[in-house]
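Some notes for your read-through follow.

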Amino acid sequence: MSNYWNKEMECAELYEMRALQSFRLSKTVKRVYENVPIYRQRMDEAGVSPDDIRCVEDLAKLPFTYKQDLRDTYPYGMFAVPMDEVVRLHASSGTTGKQIVVGYTQNDLDIWAECCARALTAAGATNKDFMHVSYGYGLFTGGLGLHGGAEKVGMTVIPVSTGNTKRQINIIKDFGSTVICCTPSYALYLAETMEEEGIKKEDIKLKAGLFGAEPWTEEMRKDIENRLGLKALDIYGLTEIIGPGVAFECEEQTGMHINEDNFIVETIDPDTGEVLPEGEEGELVFTCITKEAFPLIRYRTRDIGVLSREKCSCGRTLVKMLKPRGRSDDMLIIRGVNVFPSQIESVLLSLGDTAPFYQIIVDRVHNTDTFEVKIELTEAMFSDTMKNISETEAKIKAAIESTLGISPKITLVEPKSLPRVEGKAVRVIDKRKLH
Ligand code: ADP
Ligand code: ZN
């Protein structure tokens with residue numbers, strides 16, 4: 001039996017949702033046309049007037065917005081309200097390129113908290129739960145975003161932020177944290193530290209985790225669930241759109257429901273910009289229809305995903321996005337072959353012979369791409385015979401080659417020798433860009 005935070009929105013009929021979206025979209029487009037010069041200019045150039053946008057189907061008439069537009073208007077050029085209405089600023093963590101700044105009115109913060117409250121409720125959280133927030137607080141949206149949602153639900157919030165992993169474990173144990181949020185890679189690091197400290201999953205009370213901010217695989221989900229003894233749910237968002245809570249997973253664990261009453265989603269062909277039918281893989285494009293301070297129209301996320309309107313057993317009717325494969329700019333082209341780090345993660349974790357920590361190193365030597373995967377051995381494997389280790393190497397090499405069609409060099413490294421992160425993992429070192 002599923003719990004909803006806002007049943008009316010989460011379980012609305014599609015025609016009702018479309019009507020609401022259409023109304024909100026036309027209002028938002030009028031507002032940005034009047035208040036944000038870059039939108040007025042783009043729409044004028046495209047020959048579209050706000051009056052042409054009356055329903056969701058009209059969306060495709062509008063020009064796209066790109067990350068570069070946010071950089072060009074840095075810091076406040078795309079704000080749609082006067083600064084005295086802006087009560088909070090955040091900035092992207094800057095994983096890719098120069099940072100961008102976004103703003104929120106009080107109403108925007110309320111909407112954001114509601115989006116996160118829906119995610120928490122879908123994870124089974126109530127006001128009886130203790131919420132351990134291990135996302136970073138500060139300009140990064142992870143910490144304060146989920147913090148706001150947890151307070152809305154009435155949970156007892158523990159604002160731990162990142163860092164000092166051993167202390168985090170003590171807090172989980174002593175304070176009785178029942179729900180946790182952090183990046184999936186940090187969840188694994190927590191699990192590892194807990195095991196080192198001799199603390200068993202039975203010794204802690206965690207029952208659910210909301211993990212996101214980076215791509216992760218089903219295999220990683222299983223590993224985290226087994227080691228922390230909780231149900232691991234995915235949560236998606238990006239600073240530009242609002243932060244975490246744009247989409248959230250329910251107990252079915254087959255993709256994330258998008259908060260469609262606030263964000264309209266489209267999938268497009270990243271090369272032609274053409275809108276794809278729901279169900280086809282493409283770049284996710286979002287339009288904010290309730291935000292006041294920073295409403296983006298047809299924002300190109302560069303995240304590659306698939307939408308599904310298949311009936312969900314949880315009863316929510318909100319469209320689902322399947323686990324995104326990663327950003328189109330995370331995609332590596334090695335010897336002409338498209339490679340997503342998540343494909344390699346799937347292979348490694350499903351073989352299960354090594355620790356779940358890896359790094360992909362790409363370089364170009366004599367005009368040929370080199371492709372190396374460094375993987376950590378487990379303590380048990382480390383003391384194994386050379387013969388067994390080379391067999392493992394050969395097995396991983398063959399499995400990656402059969403998935404990708406290109407053969408990597410496999411380097412098995414000592415346990416705990418790859419860097420651990422508190423935020424987003426750095427999976428790829430592409431030295432070709434340095435030459
Ligand atoms: P930055 O762009 O600096 O990394 P953000 O925190 O805004 O800062 O990152 C948002 C991006 O993180 C998304 O566009 C997406 O690529 C990735 N992301 C967020 N949540 C998930 C998730 N659950 N699964 C996969 N990728 C995610
Ligand atoms: Zn569902």
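1. Glu-283 is buried, because its relative accessibility is 2%; buried means under 20% relative accessible area, exposed over 50%, partly exposed in between (1.4 Å probe, protein chains only). Its side chain meets that of Arg-300 in a salt bridge, 2.9 Å from N to O. Arg-300 also counts as buried, at 10%. Glu-283 sits in strand β11 (residues 282-288) and Arg-300 in strand β12 (residues 299-305), so the pair ties together parts 17 residues apart in sequence.

2. Basis of the values. This is a predicted model: local features need pLDDT of at least 70, side-chain atom pairs count only at pLDDT 80 or more, and totals for chains, interfaces and linings use all residues. Residues are numbered from 1 along each chain as its sequence is written, chains are lettered from A and ligands numbered from 1 in the order written, and side-chain values use heavy atoms, leaving out hydrogens and water.

3. How many salt bridges does the rule give? The count comes to 30, a salt bridge being a side-chain nitrogen of Lys or Arg within 4 Å of a carboxyl oxygen of Asp or Glu. Helices (H or I, at least four residues) and strands (E, at least two) are DSSP runs, numbered from the N terminus.

4. Two pairs lie within helices. Glu-218 bridges to Arg-221, with the closest N and O atoms 2.9 Å apart. Both lie in helix α9 (residues 218-228), three residues apart, about one turn. Glu-218 is partly exposed at 33%, whereas Arg-221 is buried at 2%. In helix α12, Glu-391 and Lys-387 are four residues apart. Their side chains meet at 3.1 Å, N to O. Glu-391 is partly exposed at 43%; Lys-387 is exposed at 57%. Elsewhere, salt bridges that share partners join Arg-18, Glu-260, Glu-278 and Arg-309 into one network.

5. Check the open sheet. Four strands run in the order β20-β19-β18-β21, with mixed pairing; strands pair if DSSP finds at least two bridges between them. The edge strands are β20 (409-413) and β21 (428-430). Strand β19 (residues 368-376) pairs with β20 in the parallel sense over five bridges. Glu-376 stands opposite Val-413 in β20.

6. Helix α12 (residues 386-404) lies across β19 and β20, at about 135 degrees to β20. Contact means heavy atoms within 4.5 Å. Axes are lines fitted to C-alpha atoms, for helices over the stretch in contact, with angles from 0 to 180 degrees between N-to-C directions.
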